[in-house]
Amino acid sequence: GRLTDHIGLGVVSARFNRDLLEEVLNRSGRREKRVRRLPAHVMIRYVIAMGLFCAESSDEVMRRLVGNLRRLGSWDDDWQVPTASAITQARQRLGAEPVKMLFDRACVPLAGPGTKGAWLARRRLMAIDATTLDVADTPANVERFDRMGSGPKASAYPKLHIAALAECGSHAIVGAVLGSCRTGERTLIKDLAGRVGPGMLVLADAGLYSFDLFNSFAATGADLAWRVGASVSIGHLRWLADGSYQALIFKAGLSAQRRARLVEQARTGQEIPADLARLVRVVEYTVPDRNPDGELIVVVTTLTDHHEVPAMELAGAYQQRWEEESTLNEIKTDLRGRGEVLRSKVPDLVEQQMWGLLLAHYAIRALLLEAADPAGYDPDRMSFVKGLRVVRRQVTDQAAITP
């Protein structure tokens, strides 16, 4: 075959095999029409490699992939490392759709039944959150992604906004939505509802709560445990034996009198209009060392049976939401590099590069989980940075060898 058919990504290729690449290329209609030096399946691997080597130039990433071929006797003397311009053209032919499709197809929850920190009452712990990343300062990127702030206070770079769904036990991101930094977090996150379902317990911070968004996720069959802020109205119904209580949460904009009538209806056993209020269980607890007076945490959950999940267990599980903060930091700081910018000049390639970052992160997290589970370790104790270094060495040292 062609020289580039031998390009692999070592341990990463084991997660995204050739058959899977061919499937997404066929479904997206991005297979090349003629034989090229950089065929589409190689470019998908290349985009993932960009996620592993964000600080390197485009042609240097390619050199890392093929640098070992000559020593292994795989080098064709007529083949040269393509120029940066040729690589960009090949990326443009590929587009973002096949890479996104590969993410949607391959990135599924990883935790097994014995994975530590991954479960509560037979429900898989998941978390949702959002963040932004700087992208190249070009007119096209500004038009698509915009800047934070305005006038003299505008951000130096346009910012890509990403909402993500992460598995808490493995730190694997299994759902993502990309958009402009002017698009609100709740708007982006609503599109993640299709990635959750029965058997999951989805955690979220107070900044993401809204009555409509909570209902959208609850309608999927997943259970929820979301923190709410002091501005959210809660109608107390009755105390439960574990110290939690049943309550109503309300649609935004209802008057105090209307909320009081709904509470009275619920207490007397009358049916509550689903578009106006929802029955939940509320767990309140204090974190004493967050400030001198302590910090009150209020979590509303669809787990209304306090015998199945006592308040103390739910409060202990909610802190797993911070695992997504760590997960996003692994992408922004460890993979991308602190202060680095996604350097693609046009929006389609920015999104392609972001999907590549997510795929690279997922492959590393899958590798770490496979190392942690047999040893009985919590995957949280596995160093992502050390795992990244191992994978980078594998790509450089065994570029032409499939697993």
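In α3, residues A40, M43, I44, Y46, V47 and M50 meet I87, A90, R91 and L94 of α5, where contact means heavy atoms within 4.5 Å and helices are DSSP runs (H or I, at least four residues) numbered from the N terminus. By class, this contact of α3 with α5 has nine nonpolar, no polar and one charged residues; here Ala, Val, Leu, Ile, Met, Phe, Trp, Tyr, Cys and Pro count as nonpolar, Asp, Glu, Lys and Arg as charged, and the others, Gly among them, as polar.

The structure is a predicted model, in which local features need pLDDT of at least 70 and side-chain atom pairs count only at pLDDT 80 or more, while totals for chains, interfaces and linings use all residues. Residues are numbered from 1 along each chain as its sequence is written, and side-chain values use heavy atoms, with hydrogens and water left out.

Axes are lines fitted to C-alpha atoms, for helices over the stretch in contact, and angles run from 0 to 180 degrees between N-to-C directions.

| Helix pair | Crossing angle | Axis distance |
|---|---|---|
| α3 and α5 (residues 84–94) | about 105° | 10 Å |
| α3 and α4 (residues 58–66) | about 105° | 10 Å |
| α2 (residues 18–28) and α3 (residues 40–52) | roughly 110° | within 10 Å |

Angles of 65 to 115 degrees count as roughly perpendicular (under 35 is roughly parallel, over 145 roughly antiparallel, and the rest oblique). Helices α3 and α4 are therefore roughly perpendicular to each other. Their contact is made by Y46, A49 and M50 of α3 together with S58, D59, V61, M62 and L65 of α4, and these residues divide into six nonpolar, one polar and one charged.

Helices α2 and α3 are likewise described as roughly perpendicular to each other. From α2, residues R18, L21, E22, V24 and L25 meet A40, H41, I44 and R45 in α3, giving five nonpolar, one polar and three charged residues in that contact.

At the level of the chain, the domain assignment, which comes from an automatic or database source, gives domain 1 (3–104) and domain 2 (107–330). Four residues from domain 1 and seven residues from domain 2 make the contact, and the domain centres, taken over C-alpha atoms, are separated by 37 Å. The area buried between the two domains is about 410 Å², of which carbon and sulfur atoms give 60%; buried area is the accessible area (1.4 Å probe) that two parts lose on being put together, summed over both. One salt bridge is counted between domain 1 and domain 2, the term requiring a side-chain nitrogen of Lys or Arg within 4 Å of a carboxyl oxygen of Asp or Glu. D104 forms a salt bridge with R195, and the closest N and O atoms are 3.9 Å apart.

Note on methods. Helix = DSSP H or I, 4+ residues; strand = E, 2+ residues; numbered from the N terminus.
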